[in-house]
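Please work through each task before reading its solution.

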Amino acid sequence: DDFTSLTNTDESLDTTSVSTRCIKSGIKIAILSDIHVMDPSLLVKDGPAFQEYLTKDPKLLKFSAYMMQVTVSKIIAQKPDLVLIAGDLTKDGERISHEKVAGMLRQFTSHGIKVVVTIGNHDVNNPEAVRYNNDKTTPVPTVQASNIPCIYANYGFKNAICKDPNSLSYVNEPINGLWIITIDANKYYLNTGTIATGSGVIKPETMTWVKAQLAKAQSKGKVVIGMMHHGLIEHFQGQQMLDYGYVDDNSDSDANELIDAGLKIIFTGHYHANDITKREYNGKFIFDVETGSLVNYPCSYRMLTVVGNTYSFT
């Protein structure tokens, strides 16, 4: 069950005992996070207003839609079975940006590639959704939590096996025998000021729901992959203290509960970095596989191949 790093861009881990019915023939999964697509119409004219935003949150936003399109084309050429996106789909939750993303994802499904998404802290009820014109900003329509399952109906929500009534968490079985449990730990319900809340935590009610889904998956012999935007566990010692908000507020206790419930691997984002870390508890373990962002160098995404109990990343 040890994780072995092969090279900087080629990693594999053995999840022996994840399931006795793991997909033996092999599946290929593309993993993205923090694509932060900004519809081009939101930048009427670059100037002081947009540049001030970038000083606080530097990203290659001007090129985000182009970079996403290039990535979509590259992934389609690699012919995966499934694409997972771990949140922060948009710059700041602008409705027009969400519609842009949904349109781009349609290219995957038109090629027979299934897509499952979850949201990030930027995507819902975001007061920073604006249009930039030189030195001026103008508010633009954003989306509420209730809009997300409609916009992304074809990317996980419409054919969900089960939905959490207390969040945007849901379970999808995109490939027979494989369950994706998306966990919504975002705090968009606290966005009442001028700045969106960046930190996240799994609500107690949502944790109860997730554990019930894990028990159900185990009873049915399903392979389970978790996905949430915020890191479940620290990727370096003291991360939560040194850089608050990028890891679940109740990281230790939430991770231990999920480990006890049988979750062995979860895909995360938010920190705009590629890293894999492991936590052990009561003789069990979980891997937190963090994927970087398309709008920060090196503009990365992952390609995962699952054969038996071996998960290999490139």
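**Exercise 1.** State in what order the seven strands form the open sheet, and which are the edge strands.

*Solution.* The order is E9-E10-E11-E12-E13-E15-E14, with mixed pairing; strands are DSSP runs (E, at least two residues; helices are H or I, at least four), numbered from the N terminus, and two strands pair if DSSP finds at least two bridges between them. Strand E9 (162-163) and strand E14 (275-281) pair on one side only, which places them at the edges. This is a predicted model, in which local features need pLDDT of at least 70 and side-chain atom pairs count only at pLDDT 80 or more, while totals for chains, interfaces and linings use all residues. Residues are numbered from 1 along each chain as its sequence is written, and side-chain values use heavy atoms, leaving out hydrogens and water.

**Exercise 2.** Describe how strand E12 is joined to strand E13.

*Solution.* E12 (residues 223-228) and E13 (residues 265-268) run parallel and are joined by two bridges. Glycine 226 has isoleucine 266 in E13 as its bridge partner.

**Exercise 3.** Determine how H5 and H7 cross and which residues meet.

*Solution.* First, the axes (lines fitted to C-alpha atoms, for helices over the stretch in contact; angles run from 0 to 180 degrees between N-to-C directions) come within 10 Å and cross at roughly 20 degrees. Therefore H5 is roughly parallel to H7, a term for angles under 35 degrees. Next, in contact (heavy atoms within 4.5 Å), Met207, Val210, Lys211 and Leu214 of H5 meet Asp254, Glu257 and Leu258 of H7.

How values were computed. Angles under 35 degrees count as roughly parallel, over 145 as roughly antiparallel, 65 to 115 as roughly perpendicular and the rest as oblique.
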